[in-house]
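Hi,

Here is the structure I promised to pass on to you. Have a look at it first, and then read my notes below.

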Amino acid sequence: MRRKSNNIPKLHVKKNDTVKVISGNDKGKTGRVLEVMPTERKAIVEGIAMVTKHSKVTAANPNGGRIKQAAAVFVSKLMVVEPKTGIPTRIGRDHDEKGKLVRISKRTGEKI
């Protein structure tokens with residue numbers, strides 16, 4: 001869904017959501033979203049798409065060496081997990097009684 005005021009897309013995942021990976025090498029794994037990058041349509045998920053980065057010796061990291069960290073994943077590979085049931089669901093948008101847009105679960109119809 002494109003926003004009217006600017007060209008940054010509105011994504012179905014938000015920071016601190018629990019998501020399940022539906023395709024790729026980490027298929028079936030779940031994790032918490034640490035960061036969302038809407039312009040790139042990617043998200044960084046805890047424990048998913050781990051890559052090894054080599055770091056030089058610095059004052060902050062006196063040993064240097066290899067560091068494992070999570071890489072960005074396309075949001076199309078992620079599905080939000082319902083907080084109550086723990087089942088992955090698609091996300092829809094609906095207006096609440098105040099007219100504000102809220103995310104709803106397509107599976108149960110409840111607000112997320």
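Let's start with a pair of charged side chains: glutamate 46 and arginine 32 meet in a salt bridge, with N and O 3.8 Å apart. The two partners come from distant parts of the chain, 14 residues apart: glutamate 46 is in the loop between E3 and E4, and arginine 32 is in strand E2 (residues 30-37). By salt bridge I mean a side-chain nitrogen of Lys or Arg within 4 Å of a carboxyl oxygen of Asp or Glu. Strands (E, at least two residues) and helices (H or I, at least four) are DSSP runs, numbered from the N terminus. As background, side chains of opposite charge can pair when their charged atoms come close.

Before going further, a word on where this comes from: it is a predicted model, in which local features need pLDDT of at least 70 and side-chain atom pairs count only at pLDDT 80 or more, while totals for chains, interfaces and linings use all residues. Residues are numbered from 1 along each chain as its sequence is written, and side-chain values use heavy atoms, with hydrogens and water left out.

How open are the two partners? Glutamate 46 counts as partly exposed because its relative accessibility is 41%, and arginine 32 is partly exposed too, at 34%.

Glutamate 110 forms one with lysine 84, and their closest N and O atoms are 3.4 Å apart. Glutamate 110 lies in the segment after E10 and lysine 84 in the loop between strand E7 (78-81) and strand E8 (88-89), so this pair ties together parts that are 26 residues apart in sequence. Lysine 84 has 71% relative accessibility and therefore counts as exposed, whereas glutamate 110, at 39%, is partly exposed.

Aspartate 26 and lysine 29 also join their side chains in a salt bridge, at 3.2 Å from N to O. Aspartate 26 is buried, because its relative accessible area is 16%, while lysine 29 is partly exposed at 41%. You'll find aspartate 26 in the loop between E1 and E2. Leaving aside neighbours within four places in sequence, aspartate 26 is in contact (heavy atoms within 4.5 Å) with Val21, Ile48 and Ala49.

Now look at valine 33, which lies in strand E2. Is valine 33 buried or exposed? With 0% relative accessibility, it counts as buried. Threonine 18 is 15 residues away from valine 33 in sequence, and their C-alpha atoms are 6.4 Å apart in space.

Threonine 30 is in strand E2 as well, but it is partly exposed, at 48% relative accessibility. Apart from neighbours within four places, threonine 30 is in contact with Val19, Lys20 and Ile48. The C-alpha atoms of threonine 30 and glycine 47 are separated by 8.3 Å, and the two residues are 17 apart along the chain.

**Two backbone angles to check**

Most residues other than glycine have a negative phi, and most peptide bonds are trans. Asparagine 16 has a positive phi, near 75°. Asparagine 16 sits in the segment before strand E1 (18-21) and is partly exposed, at 48% relative accessibility.

Alanine 49 has a positive phi too, near 55°. You can find alanine 49 in the loop between strand E3 (42-45) and strand E4 (50-55), and with a relative accessible area of 22% it is partly exposed.

**A charged patch**

Which residues form the positive surface patch? They are Lys10, Lys14, Lys98, Lys100 and Lys111. A patch is made of residues with over 30% relative accessible area and no salt bridge, where like charges are joined within 9 Å and nonpolar side chains (Val, Leu, Ile, Met, Phe, Trp, Tyr) within 5 Å. To take one of the five, lysine 98 is in the loop between strand E9 (91-95) and strand E10 (101-105). Lysine 98 counts as exposed because its relative accessibility is 77%.

Happy exploring!

Technical notes
Areas by Shrake-Rupley, 256 points an atom, 1.4 Å probe, with all protein chains shown as cover. Lys, Arg positive; Asp, Glu negative; His and termini not counted. Charge placed at Lys NZ, Arg CZ, Asp CG, Glu CD. Buried < 20%, exposed > 50% of the residue type's maximum accessible area, 1.4 Å probe, protein only.
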